[in-house]
Amino acid sequence: MENSSPIQDLNTLIQRRFEELEELNKKGIPAYAYNYDVDSYSKTIKENYENYEGKNVKIAGRIMAIRRMGKASFAHIQDKEGRIQIYLKKDDLGEMYDVFKLLDIGDLIGISGYVFKTKTGEISVHSKSLAVLAKSIRPIPIAKEAEDETGNKIVYDQFADKELRYRQRYVDLIVNPEVKNVFMMRSKIISQMRKFLDSKGLVEVETPVLQPLYGGAAARPFVTHHNTLDVDLYLRIADELYLKRLIVGGFDGVYEISKDFRNEGMDRTHNPEFTMMELYVAYKDYFWMMEFVEEMISNICSNVFGTTEFEIEGKKIDFKAPWKRLSMVEEIQKITGIDVMKADEETMKKYLKENGFKLEGCESKGKLIDEVFEISVQPTLIQPVFVMDYPVELSPLAKKHRSKEGLVERFEGFVLGREICNAFSELNDPIDQKNRFLEQARFREEGDEEAHQIDEDYVRALEYGMPPTAGLGVGIDRLVMLLTNQPSIRDVILFPQMRPEKKITEK
């Protein structure tokens, strides 16, 4: 006798469910309902049993377990709050009890009945009526438990393959409840951030996703084409230049929580489509912005999680203010012995090669400095810290340092070696800005595809006069990764970018 393949087994299960669907149709039972009036939920019922005991409720959810016993059955259904047991009896349901025999794990049903406790003390709903809401054609993978000879619990048939979970997030959310919790926390983090920014008098605005010129960061863009105008447009890589145009126009404080897009590699901290919060406040500088970031992150931690202390990847991290301040140039020299302000490009290239960094051959001095920092200093930044005062080559949109030659007033926030925010005293001198753009154009000619484009309209805006301004960008995905202790950016994005799916075929 030949062993059946997983594909054959799946096809058999799907075929059986189609047959059950046909039986439902024959009985005149609609398999896909239009609506169901839910008035109660699993967790609320169980946590407030004294208020629900004996009362009629209407609940709905997905069948996650079934135990049939002739003329009575138990099942567990899963709703938005969790799971609850239901008790079904032929004497109560009549013909609908026979309909229940045509249902499977994964099917969606509605139950009307009263709340009670079983003899074993489990809070349940005694079903008085049953409604079929949606027949599941494809079986969901349910984790099963067993014990080995030594009494250890073994979990099998679990939907555990990471790549499959990312591709089929809808299944992941059904069978792995902790995943849904992460995204609920993500929503609360963003909501609390918005509340904090609104409380500070900042105005939430929207700027273009499709832009004739991309800017505000060092990155390669995605390109598309507008047929009517017959022009190429770019998906934004940042919101910065449009938001600062609004500061020129008279807004004192603006912010945007948005999707940005960068045509770059994918790893555990990078996804081509990601969420940013950018804000700009007139008459402030980067010193003010550091305190603002400390207050904002602490506010989010306290209001969403009730603490500023977290255990992340086995390390205790405290987001409480004040965060440590470090000089980028001084930290590089402390660790590598290289004074990047005086060192030539060959010295930095030699260091990078000796430490296994693969050079592309077209790196500007600023990019080399950034790469030296990335492999030498960044991994040492465990507790929340601001790294300050970057070389001017790295920051074409930041204001020159008021007292340190060759540097700009910029900081980045790091936790566990990951950048979570980037901020400047914004460059508001149009002549200096035009010269920086021209220098970036030279870098592009030398092969740096991520160098900034010249944005003549932005320079024109600055020529009308922009007040002193502090700007900030926060990577929402990376912040959520930290606060929910998730190892990959794909674990905090509902539908992360994936390689094209290979179709499974049977020879």
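Tutor: Leu 133 counts as buried because its relative accessibility is 17% (buried means under 20% relative accessible area, exposed over 50%, and partly exposed in between, with a 1.4 Å probe and protein chains only). The model is predicted, so local features need pLDDT of at least 70 and side-chain atom pairs count only at pLDDT 80 or more, while totals for chains, interfaces and linings use all residues. Residues are numbered from 1 along each chain as its sequence is written, and side-chain values use heavy atoms, with hydrogens and water left out.

Leu 133 belongs to strand E5, residues 123-134 (strands, E, are DSSP runs of at least two residues and helices, H or I, of at least four, numbered from the N terminus). Not counting residues up to four places away in sequence, Leu 133 touches Ala 31, Tyr 32, Ala 33, Asn 35, Tyr 36, Ala 60, Leu 108, Ile 109 and Gly 110; contact here means heavy atoms within 4.5 Å. Ile 109 is 24 residues from Leu 133 along the chain, and their C-alpha atoms are separated by 5.0 Å.

Two of these contacts, Ala 60 and Gly 110, also face each other: Ala 60 stands opposite Gly 110 in E4. Strand E1 (residues 56-69) and strand E4 (residues 108-117) run antiparallel and are joined by seven bridges. Two strands pair if DSSP finds at least two bridges between them.

What order do the strands of the barrel follow? Five strands close into the barrel in the order E1-E2-E3-E5-E4, with mixed pairing. From one strand to the next, the twist averages 55°; such angles run from 0 to 180 degrees between N-to-C directions, and the axes are lines fitted to C-alpha atoms.

Most residues other than glycine have a negative phi, and most peptide bonds are trans. Asp 389, in strand E17 (residues 385-391), has a positive phi near 60°. Asp 389 is buried, at 3% relative accessibility. Glu 313 also has a positive phi, about 50°, although it is not a glycine. Glu 313 lies in the loop between strand E14 (309-312) and E15, and is partly exposed, with a relative accessible area of 38%. Ala 321 and Pro 322 are joined by a cis peptide bond, with omega about 0°. Pro 322 sits in the loop between strand E15 (315-318) and strand E16 (324-327).
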